[in-house]
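Reader: I would like to learn how to read a helix in a model. Please take me through one.

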Amino acid sequence: MTQSPRSIYLDLDPLRRTKPRNSHPPVLRLMPPVHVVPAPPAPVRVPVVATLVAPETSVHDRELLVALDMPGAFGESAAALHHRKEQALGALFAALSVVEARALHKRLTLPRADDVVGARFGRLVADRRDRLLAFLESAQRREAIAKARRPATMRSTGSEP
């Protein structure tokens with residue numbers, strides 16, 4: 001059985017397919033160009049944390065800010081105003097416990113960028129700032145002196161004056 005060379009060629013060509021007799025060439029429909037607009041990116045959800053105070057704030061921050069921001073009286077000199085501020089801050093520092101004084105001393109010595117009290121305290125003149133920091137640092141000494149000055153009966157019972 002011999003085959004014609006043409007039939008062998010058609011059988012070996014894998015890309016060529018036989019068409020039905022009634023087939024028509026495919027009709028190409030030209031569509032107008034479609035402009036694809038990329039979808040906007042999905043909004044990124046960022047958790048919103050509403051903090052009004054820094055994490056290391058104390059309960060005395062409001063009083064400290066009032067003392068640091070106190071306005072001068074009419075006709076008062078700048079030296080008198082700053083002396084009054086220093087006295088007010090010293091009175092507030094004297095009311096602190098030893099633990100609070102240590103924490104505030106650390107906070108004012110190494111202020112963070114988001115610490116309002118530390119930033120405003122840093123605006124004070126270096127001499128006043130150093131005096132107030134030394135006063136804060138001596139809180140343990142002042143407490144020991146106050147305990148030693150109490151009468152012996154109060155020291156033994158441990159009651160406050």
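Reader: What covers the buried residues of α6?

Author: First, the ground rules. This is a predicted model, where local features need pLDDT of at least 70 and side-chain atom pairs count only at pLDDT 80 or more, while totals for chains, interfaces and linings use all residues. Residues are numbered from 1 along each chain as its sequence is written, and side-chain values use heavy atoms, with hydrogens and water left out. Helices are DSSP runs of H or I, at least four residues, numbered from the N terminus. Contact means heavy atoms within 4.5 Å. The cover over the buried residues of α6 includes α3 (78-94), α4 (98-109), α5 (116-122) and α7 (139-149).

Reader: Which residues are buried in α6?

Author: Buried means under 20% relative accessible area and exposed over 50%, with partly exposed in between (1.4 Å probe, protein chains only). In α6, the buried residues are R128, L132, L133 and L136. Seen down the helix axis, the buried residues of α6 fall within an arc of 130°, so they line one face. That arc is taken from the directions from the axis to the C-beta atoms.

Reader: Why do residues three or four places apart point the same way?

Author: An α-helix has 3.6 residues a turn, so such residues point the same way. On the face of α6 turned away from the buried side sit the exposed residues D127 and E137.

Reader: How many helices and strands are there in the chain?

Author: The chain has 8 helices and 0 strands. Of its 161 residues, 19% are buried.

Conventions: Helix = DSSP H or I, 4+ residues; strand = E, 2+ residues; numbered from the N terminus.
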